[in-house]
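Look at how a ligand is held by the protein around it.

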Amino acid sequence: MKKILPSILSADFANLERDVRELEQIGIDMFHIDVMDGNFVPNISFGFPIIEAIRSKTDKIFDCHLMIARPEEYVERFCNAGCDMVSFHIEATNHADRVIQIIKNSGKKAGMVLNPQTPIESVKYLLPKLDYVLIMTVNPGFGGQKFIPEMLEKIEELAKIREEKGYSFLIQVDGGVNVETSKLCRDKGADLLVCGSFLFGAEDKEKTLGELLR
Ligand code: DX5
Ligand code: ZN
């Protein structure tokens with residue numbers, strides 16, 4: 001089943017609870033949470049206290065996207081902060097298998113993220129262990145960027161490997177998702193579509209949500 005995950009990076013941080021409730025009311029059951037450290041990516045977002053604060057306001061699924069260097073040092077704390085799914089970048093660590101183990105041992109779903117330049121080959125041997133793979137469709141660090149069309153081929157390639165090998169991971173895409181690119185990604189095999197600026201900027205979010213999955 002295809003899903004839209006609103007990225008709370010595009011929410012109003014002074015009114016996070018209000019924004020989360022509004023999305024819950026139109027049927028959202030998974031939220032995408034972007035953590036940026038100002039080192040792995042050239043921007044800083046937020047960390048544990050904000051996640052814990054919204055965790056106390058909703059029981060929906062939290063998908064935490066770690067854009068941080070050396071995720072092995074912090075990942076357990078993100079699991080404990082109330083995230084249900086945690087993804088990290090292959091480019092950010094030499095210990096990817098260890099990070100997956102930490103996430104799984106915490107009882108959470110593990111995902112790995114590939115930047116636009118990173119080939120699928122780089123996570124080839126980890127694919128059987130993953131619950132999801134996130135294909136970045138923009139350069140990580142900021143909301144509101146333009147979708148990189150070459151990533152459609154990567155999504156297609158990953159879906160083909162999944163089919164051939166009988167793997168069960170879901171395919172997630174993140175960056176520049178709008179009505180048009182959502183359809184293109186879903187047609188190539190994407191299951192989970194992160195959407196920030198397009199959804200939060202919409203006049204009528206319920207209607208836009210329907211269009212994003214049409
Ligand atoms: C970018 C983040 C995205 C971002 C998506 O580094 O990982 O989740 O919020 O925002 P839009 O949908 O505006 O591209
Ligand atoms: Zn993200």
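The side chain of H32 has an N or O atom 3.4 Å from an oxygen atom of ligand 1. In the side chain of D174, an N or O atom lies 2.7 Å from an oxygen atom of ligand 1. G196 takes part through its backbone, with an N or O atom 2.8 Å from a ligand 1 oxygen. A polar contact here is a pair of N or O atoms within 3.5 Å. Taken alone, ligand 1 exposes 380 Å², and the protein buries 99% of that (areas by the Shrake-Rupley method with a 1.4 Å probe).

This is a predicted model, in which local features need pLDDT of at least 70 and side-chain atom pairs count only at pLDDT 80 or more, while totals for chains, interfaces and linings use all residues. Residues are numbered from 1 along each chain as its sequence is written, chains are lettered from A and ligands numbered from 1 in the order written, and side-chain values use heavy atoms, without hydrogens and water.

## The shell

There are 20 residues around ligand 1, and D34, G141, G144, D174 and S197 come nearest (near: a heavy atom within 4 Å). The shell divides into eight nonpolar, 10 polar and two charged residues, with Gly counted as polar.

β2 (30-36), β3 (61-67) and β8 (192-195) each supply at least two shell residues. The most come from β2, with three. Strands are DSSP runs (E, at least two residues), and helices are runs of H or I with at least four.

## A loop residue

F142 is in the loop between β6 (132-136) and α5 (151-165). Why does F142 count as partly exposed? Its relative accessibility is 41%, and partly exposed lies between buried, under 20%, and exposed, over 50% (1.4 Å probe, protein chains only). F142 and D34 are 108 residues apart along the chain, with their C-alpha atoms separated by 9.6 Å.

Conventions:
A polar contact is a pair of N or O atoms within 3.5 Å; within protein, one must be able to donate a hydrogen and the other to accept it, and residues adjacent in sequence count only if both atoms are side-chain atoms.
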